[in-house]
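Work through the exercises below with the coordinates open. Each task is followed by a stepwise solution.

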Amino acid sequence: MRIFMLLLFVSCFFASCSSDDNSNLTNSNRQSLDFSEVMTFQVDTLELDMISSDAENAFFITYSADNGFNESVLKYEVATNSQTDLVHPDISESRQIEIINDYIYSISSNDIYKFDLNLNNLSNINSSYNSAVYLRASNYNNELLYFVGNKIGRFDITSESYNNVLSNSPYDYRDQNDGEIANDVIYMFGGRHCDSHEDFENNTCDSFNEIAIYNIMDDSWSQEFLPYQVHESFTAINENKILVVGNKNPDQTNSFISEYDVLTSDYTDLDTSLDLENITIRGITVLNNEVYVAYVELVDPLPDIVTVKVVKASL
């Protein structure tokens with residue numbers, strides 16, 4: 001069973017009341033995002049990923065619902081409210097999916113799968129172990145990029161093989177730090193570092209309150225600072241603004257929804273109709289000027305099979 005259990009009651013030490021105030025970014029409110037429910041599905045692990053295609057008018061989600069033996073991928077077409085599903089073998093804890101040239105690439109630590117936007121023509125294009133556990137992914141110039149540890153890794157979709165590392169980070173090891181690319185610059189938000197498996201099991205991993213910024217053209221790194229620590233982040237881009245969501249606490253609680261302006265470096269917490277204190281956010285994507293968020297309601301105890309809700313709001 002791959003389910004990563006949540007602890008629902010945490011002390012103020014891990015809550016936002018203990019967050020750092022050394023941000024050089026704006027933290028203010030704006031008009032509320034009013035969400036409405038789109039669909040639900042069931043999972044056996046909280047690790048999933050969301051992407052979307054304007055051409056298909058659909059979003060895609062990869063997740064596990066089969067006790068660690070298979071991975072499921074769903075395609076949800078918003079105009080018709082219709083769903084298509086694909087199941088493929090998999091033993092990894094977490095997967096990331098990206099769309100490149102009308103194909104979906106699904107990457108984890110052990111395999112890379114490729115299939116078309118209709119969830120057909122599945123193939124395993126690389127089975128090399130890359131040690132990238134709890135990675136996040138993006139794409140740039142027909143390369144699949146993945147963020148984990150102290151590096152930005154590369155996978156060449158033409159040769160279907162791993163390429164040299166794009167860059168090694170000068171900052172501490174971290175994973176679960178999602179990011180986006182805007183104007184040849186990669187922005188990665190927060191993340192965590194577990195010193196041991198015991199830290200992982202006890203939810204005592206370190207979290208970061210930084211935006212790690214890598215300029216591809218200049219091959220240079222820099223940092224900006226968030227108003228709080230972010231244990232795990234999920235991102236989507238909408239024009240020149242990156243929507244950043246996730247959870248602040250090591251037990252995947254204390255959710256947030258925010259926006260980062262790449263032109264001004266302003267970081268803004270957004271008002272929302274979601275009850276952020278009683279959910280754990282699991283993914284985000286933007287489709288046709290609407291934001292879609294996947295989350296799980298916190299219950300005690302969390303069952304082996306949990307229901308993920310996907311909701312949307314107009315931007």
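**Exercise 1.** Which residue in E15 is the bridge partner of isoleucine 181?

*Solution.* The partner is isoleucine 186. The model is predicted: local features need pLDDT of at least 70, side-chain atom pairs count only at pLDDT 80 or more, and totals for chains, interfaces and linings use all residues. Residues are numbered from 1 along each chain as its sequence is written, and side-chain values use heavy atoms, with hydrogens and water left out.

Step 1: locate the strands. Strands (E, at least two residues) and helices (H or I, at least four) are DSSP runs, numbered from the N terminus. E14 covers residues 179-182, and E15 covers residues 185-189.

Step 2: check the pairing. Two strands pair if DSSP finds at least two bridges between them. E14 and E15 are joined by four bridges and run antiparallel.

Step 3: inspect the turn. Two residues sit between the strands of this hairpin, and asparagine 183 takes a positive phi near 55 degrees.

**Exercise 2.** Sort the residues of E14 by the way they point.

*Solution.* Step 1: recall the rule. Side chains in a regular strand alternate between the two faces of the sheet.

Step 1: apply it. Gly179 and Ile181 point one way, Glu180 and Ala182 the other.

Step 2: Buried means under 20% relative accessible area, exposed over 50%, partly exposed in between (1.4 Å probe, protein chains only). All four E14 residues named are buried.

**Exercise 3.** Is asparagine 126 buried or exposed? Is aspartate 172 buried or partly exposed?

*Solution.* Asparagine 126 lies in strand E9 (residues 123-126). Aspartate 172 lies in the loop between strand E13 (161-168) and E14.

Step 1: classify. Asparagine 126 has a relative accessible area of 10%, so it is buried. Aspartate 172 is at 49%, so it counts as partly exposed.

Step 2: list contacts (heavy atoms within 4.5 Å). Leaving aside neighbours within four places in sequence, asparagine 126 contacts Asn110, Asp111, Ile112, Phe155, Glu160, Ser161 and Tyr162. With residues up to four places away not counted, aspartate 172 touches Gly149, Asn150 and Phe208.

**Exercise 4.** Describe the whole chain.

*Solution.* Step 1: count elements. The chain has one helix and 25 strands.

Step 1: The C-alpha trace spans about 50 × 45 × 40 Å along its principal axes.

Step 2: report burial. Buried residues make up 57% of the 315 residues.
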